[in-house]
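This report describes a structure for a reader who meets it here for the first time.

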Amino acid sequence: MVEPIRLLLVSDFTISGWRPFLTPEFKTIVAPFGQAAATLMDGNSEIWRDQPEMACVWTLPEMAVPAFGELLEHKPVTLANVLADVDMFATRLHAAANRVQALFVPSWTLPVYDRGLGVLNMSPEVGPAYFLQKMNLHLAESVREQGNIHLLDAGRWLSLAGQGATNPKLWFAGKIAFGPAVMKAAAEDLKAAARAVMGKSRKLILLDLDDTLWGGVVGEIGWENLNLGGHDPVGEAYVAFQQRLKTLANRGIALGIVSKNEEEIALQAFDNHPEMVLRRDDFVGWRINWRDKAENLAELVSEVSVGLDAVVFIDDHPAERARIGQALPDVLVPDWPTDKMLFVQALAQLDCFDTLNITAEDRSRTAMYVSERKRRDLHKGVQSLDEYLSSLDLEITVEALNSANIKRATQLLNKTNQLNLATRRMTEAELTAWNETENQAVLTYRVADRFGDYGLTGLASLQFEGSQANVSDFLLSCRVMGRGVEQTMLHVLSLIAERSGATVLRARYFATPRNVPCKRFFDEKSGMSLEEDGDQARYSWDLSQPLPIPYYLRLRDPGQLLGDGPNSLIVATL
Amino acid sequence: MAGRIATDELVKTVASALQSVAPDVEDISAATPLTGEDAVIDSVGLVSLLVTLEESLQQRLKDSPADQQFELPPLLLQQESGEGSGKPFRTVGSLAEHIAELVSSNP
């Protein structure tokens, strides 16, 4: 059973009514009423002793930003006055954010029943709605650099709740600012955000074809007669659904197909239909045959090297959805509308894809997976593993942690589970600080082959203690496992350690439910000796020579980390 | 006589309102306690429940035939004035009965 996350709630209104909506994912601690500022600023106060892992600071704009309160009373106030108060509030958030893994801040809202100044509501001089938008935007800019403060779109919650969003009776009776419908929507978004922080976003959507991606059964009517596009409302709805899927792919959510069909007939539809938005190269893989969908899905997921808990399955047929839900409970199988014109809405409402960043590598993830599919096809045509690996023309580029790669490196550190030695989780600020500490260094590894660039997929860190060099972190994306990258990472670490004068390289493995592949690598393929076995196994290598690098790999060191220049990571003072 | 609403229907209405303010409460029945030591909600939850109930019942009564419409006395004010510390607000079932009496007693 997963432990609930300790969540501190800080507010200037009665927020305890939110707690029932936050279980079971969170165990909530509520800061004392009326002490939001003090709670944020005073890290020694008792409320912080429970060491909450995350916090949510939900305030009313007229309380948190006093100048805005004066604006609402029609006192003369300038935008500069208001933004100065926003800056003060941001300072408090920064103070609190240093004590938690993530700090969530719902954006400021006004009661939905309040017309404000009507036609003047958006006036840059006096309009409350105008000022409120400026406040929220300014706050978003002010907290951006911190890295672990995340603003949540509370305006959307109030829109969803409609008239029931705010009720003056709740306020007068109990200083309750929002109705239960707002609380429900807020809880759903907070849980989605927490999943993003924990690296548990879904990464792969597997789709049925007939009456899911297009109207009609392609094997019966041929691709020419599919209902897709045209001037038909349902046809247009299918196109919009495909466009929305493509949008998700553009930000790093991979797409795949699991369909009961003749493969060639189905693929012809992708190749030939003029209104098809998605084409073959938009899919990282497919299983199109007459076998059981659960078996097909499990096989495809294994091929793509993601966990079942990273997968969403979409199928118009309730029986197929039930089959997957029952056979593979870790796969998310959302209820799906029978009305095709609501498919795009159903997809847009899914909250399982939230991430904290969208990096350039996320955007190119589909292309990377497609390249991987082509590599698998190549593998089928070669005789031995060595022959296959040699034919890939693999190249690994090692770089120090820097401002250009910190976001991706942090994402990798927090999302990688299987090949992860110590499973340390850190924010950008924490990782940067660790790297900048004397006798410690973080290295990143980019992998490419003749089919394409996998991107930044490896991270390792080294810490010197006397004549001993310790591998503090060692992690690799599962999509490049088993190609010698792991050995190359260790080779680089051992080179730096050996040239720095260390006599032994050590690595301590910390067992988790998911990182058995890492132990298997260190036991069987790393070349290091096992000194102590068990859940905290320890490995060592005598640094009289570096660990070997596979013969078929090329190592690039553009920053000369391994040389004698100013960027060298060789520690001169051992 | 104002429109009657059967008590068991009102139990469902109260249960549904309770579910909307306290989704973590399971197996809601007429016996589910709303006040007292074993209450499934705290005082804040009770306020939210009563306001939510008032809204949904008021709407329902407005939708009734014209000769059966009336204004439901605010449940929240009754609770605040101390009537809620007694039996009517003790359980889901007692609250449903109380509402049924309020509705049927209106001339």
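A salt bridge is a side-chain nitrogen of Lys or Arg within 4 Å of a carboxyl oxygen of Asp or Glu. The model discussed here is predicted. By this rule, 34 salt bridges are counted over all chains.

**Salt bridges**

Side chains of opposite charge can pair when their charged atoms come close. One such pair consists of A:Glu320 and A:Lys260, whose closest N and O atoms are 3.3 Å apart. This pair links distant parts of the chain: A:Glu320 belongs to helix H14 (residues 318–327) of chain A, whereas A:Lys260 belongs to strand E7 (residues 254–260) of chain A, and 60 residues separate them. Another salt bridge joins A:Lys169 to B:Glu54, with 2.8 Å from N to O. The two pairs are set out in the table.

| Salt bridge | N to O distance |
|---|---|
| A:Glu320 and A:Lys260 | 3.3 Å |
| A:Lys169 and B:Glu54 | 2.8 Å |

In chain A, 4 strands form an open sheet with parallel pairing, in the order E8-E7-E6-E9. Strand E8 (285–289) and strand E9 (311–314) of chain A stand at the edges with a single partner strand each, so one side of each has no neighbour in the sheet. From one strand to the next, the twist averages 20°. Strand E6 (residues 204–207) of chain A pairs with E7(A) in the parallel sense over 4 bridges. Within E7(A), A:Leu255 is the bridge partner of A:Ile205.

**The sheet of five strands**

Chain A also has an open sheet of 5 strands, paired in parallel and ordered E2-E1-E3-E4-E5. Its edge strands are strand E2 (26–30) and strand E5 (149–152) of chain A, each of which pairs on one side only. Here the twist averages 25° from one strand to the next. Strand E1 (residues 5–11) of chain A is joined to E2(A) by 5 bridges in the parallel sense, and A:Arg6 has A:Lys27 in E2(A) as its bridge partner.

Helix H5 (residues 79–97) of chain A lies across strand E3 (54–58), strand E4 (102–106) and E5 of chain A, and runs at about 150° to E4(A). Helix H6 (residues 128–143) of chain A also packs on the sheet, where it touches E4 and E5 of chain A, and its direction makes about 160° with that of E5(A).

**The surroundings of A:Asn435**

A:Asn435 is located in helix H20 (residues 428–436) of chain A. A polar atom of the A:Asn435 side chain lies 2.8 Å from the backbone nitrogen of A:Val442. Neighbours within four places in sequence left aside, A:Asn435 is in contact with A:Leu401, A:Gln440, A:Ala441 and A:Val442.

**The contact between chains**

How many residues does each chain give to the contact? Chain B gives 14 residues and chain A gives 12 residues. The area buried between the chains is about 1100 Å², with 66% coming from carbon and sulfur atoms. On the side of chain B, the residues that lose the most area to chain A are B:Asp24, B:Val44 and B:Val51, which together account for 33% of what that side buries.

Across the interface the rule finds 1 salt bridge, as well as 2 residue pairs in polar contact. Helix H1 (7–21) and helix H2 (43–62) of chain B are the elements that give two or more residues to the side of chain B that touches chain A. H2(B) gives the most, with 7 residues.

Note on methods
Residues are numbered from 1 along each chain as its sequence is written. Chains are lettered from A and ligands numbered from 1 in the order in which they are written. This is a predicted model: local features need pLDDT of at least 70, side-chain atom pairs count only at pLDDT 80 or more; totals for chains, interfaces and linings use all residues. Side-chain values use heavy atoms; hydrogens and water are left out. Contact means heavy atoms within 4.5 Å. Buried area is the accessible area (1.4 Å probe) that two parts lose on being put together, summed over both. A polar contact is a pair of N or O atoms within 3.5 Å; within protein, one must be able to donate a hydrogen and the other to accept it, and residues adjacent in sequence count only if both atoms are side-chain atoms. Two strands pair if DSSP finds at least two bridges between them. Axes are lines fitted to C-alpha atoms, for helices over the stretch in contact, and angles run from 0 to 180 degrees between N-to-C directions.
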